[in-house]
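Please take a moment with the sequence and the model before reading on. The paragraphs below go from the whole chain to its sheet and then to one of its helices.

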Amino acid sequence: SAFRNALPSLVGLFGRKHAVPKSMLPDKGLSQVLEVDRICVDTPLVRSAGMACHLFETSKDVCIEFPGGAIRGPTAIKQVFEHISGAMNLRAQDLPFIDGAEYDRVSVARMLVKNGLFRLSNSQQ
C-alpha cells in the first residue's frame, strides 16, 4: 500500500524533528562569534554545552542538525560531517582529507563556531 511505502520516510522525518531540541541558548555564543577570526588550523574547539546533533542526508546534500540551527554541505564531504557530528573536541587540522574534494578546513571550523555547534576551548579564551 502507499502508506506502507511512505512509512520509512515518515519515520525518518519524525525522528529528525524530535531527536534534537529546537532551540538552545548559545554557550558563550556572542563572545565566541567575536573570536572566530582567531581560529586557525590548530585552534582547539570543543562541542558547545548541550549540543546534541543529528546527521542526515538528502538527495542533494548532507546536514548536521542541532538545537538552534543546521549546517548543510555537498554530499561529497559527508565524511567531514560524520567526523564533526561524532566529535566532542576538534581542530581544523583534524578534519579528514577527502580525495577529489577540496575544502577549507579553517573555514569549516569557523562556521561551526559561528553557528554555535562548537566553541573555542577554555584554554584558548
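This is a predicted model: local features need pLDDT of at least 70, side-chain atom pairs count only at pLDDT 80 or more; totals for chains, interfaces and linings use all residues.

Residues are numbered from 1 along each chain as its sequence is written, and side-chain values use heavy atoms, with hydrogens and water left out.

The protein chain has four helices and six strands, taken as DSSP runs numbered from the N terminus (helices H or I, at least four residues; strands E, at least two), and along the sequence these follow the pattern α-α-β-β-β-β-α-β-α-β. Of its 125 residues, 36% count as buried, a term that stands for under 20% relative accessible area, with exposed over 50% and partly exposed in between (1.4 Å probe, protein chains only).

An open sheet of three strands has the order S2-S3-S4 with antiparallel pairing, two strands being paired if DSSP finds at least two bridges between them. Strand S2 (54-57) and strand S4 (69-74) are the edge strands, each pairing on one side only, and the twist averages 20° from one strand to the next. Strand S3 (residues 61-66) is joined to S4 by six bridges; glutamate 65 has alanine 70 in S4 as its bridge partner, and isoleucine 64 stands opposite isoleucine 71 in S4. The hairpin of S3 and S4 has two residues between the strands, and there glycine 68 takes a positive phi near 90°.

Helix H3 (residues 78-86) packs on this sheet, touching S2, S3 and S4, and its direction makes about 15° with that of S3; here axes are lines fitted to C-alpha atoms, for helices over the stretch in contact, and angles run from 0 to 180 degrees between N-to-C directions.

Helix H4 (residues 105-114) has as its buried residues Val106, Val108, Ala109, Leu112 and Val113. Seen down the axis of H4, these buried residues fall within an arc of 160°, so they line one face of the helix, the arc being that of the directions from the helix axis to the C-beta atoms.

Methods. Contact means heavy atoms within 4.5 Å.
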